[in-house]
Amino acid sequence: MQMSRRIAAFLLVVAAFMIFEWINLGFNLADGHATAFYVVHGILIGVNILIALALGVIGWRALRRR
């Protein structure tokens, strides 16, 4: 299946935004919460960064293929 350059570039932009946003959230978590709060948010951050990396790889490969 062919992917247009526009879609591939969009995936790269979304991936960069997701990584920036979730790392920023990680640094902005305030102190004073229960441990479970940090565990859950750490898992959310990790999963979303992995999704962003997957989208970035797909977008990058699609751009290189053309």
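1. Tyr38 is partly exposed, with a relative accessible area of 29%. For the cut-offs, buried is under 20% relative accessible area, exposed is over 50%, and partly exposed lies in between, using a 1.4 Å probe and protein chains only. Phe37 is also partly exposed, at 25%.

2. Some ground rules before going on. This is a predicted model, where local features need pLDDT of at least 70 and side-chain atom pairs count only at pLDDT 80 or more, while totals for chains, interfaces and linings use all residues. Residues are numbered from 1 along each chain as its sequence is written, and side-chain values use heavy atoms, with hydrogens and water left out.

3. How many aromatic pairs does a search of the whole structure find? It turns up 1 aromatic pair. The ring centres of Phe37 and Tyr38 sit 5.4 Å apart with the planes at 85°, so this pair is edge-to-face. The rule takes rings of Phe, Tyr and Trp (its six-membered ring) with centres within 6.5 Å; planes under 30 degrees apart are stacked, over 60 edge-to-face, and the rest tilted.

4. On secondary structure, the protein chain has 2 helices and 0 strands. Both terms are DSSP runs numbered from the N terminus: helices are H or I with at least four residues, strands are E with at least two. Helix 1 covers residues 5-28, and its 24 residues reach 35 Å from first C-alpha to last, close to the 34 Å expected at 1.5 Å a residue. That expected span is 1.5 Å times one less than the number of residues.

5. Which residues of helix 1 are buried? They are Ala8, Leu11, Ala15 and Met18. Helix 2 is among what covers them, where contact means heavy atoms within 4.5 Å.

6. From the helix 2 side, have a look at Asn48, which is found in that helix. Asn48 counts as buried because its relative accessibility is 17%. Leaving aside neighbours within four places in sequence, Asn48 is in contact with Met18 and Trp22, and Met18 is one of the buried residues of helix 1.

7. Leu53 and Met3 are 50 residues apart in sequence, yet 18 Å apart in space, C-alpha to C-alpha. Gly42 is in helix 2 too, with a relative accessible area of 39%.

8. Now the overall shape. The radius of gyration is 15 Å, whereas a compact globule of 66 residues would be near 11 Å; the value is taken over C-alpha atoms, and the globule rule is 2.2 Å times the number of residues to the power 0.38. Along its principal axes, the C-alpha trace spans about 50 × 15 × 10 Å. Buried residues make up 15% of the 66. Of the contacts with a separation of 6 or more, 74% are between residues 24 or more positions apart.

9. For the surface, the accessible area is about 5100 Å², and 70% of it belongs to carbon and sulfur atoms. Areas come from the Shrake-Rupley method with a 1.4 Å probe; for residues, only the protein chains shown count as cover.

10. The unreviewed UniProt entry lists residues 7-25 and 37-60 under "transmembrane region". UniProt positions follow the numbering used here, feature names are shortened, and annotations may be inferred rather than shown by experiment. In the model, residues 7-25 are 100% helix and 0% strand, with end C-alpha atoms 27 Å apart. Residues 37-60 are likewise 100% helix and 0% strand, with 34 Å between the end C-alpha atoms.
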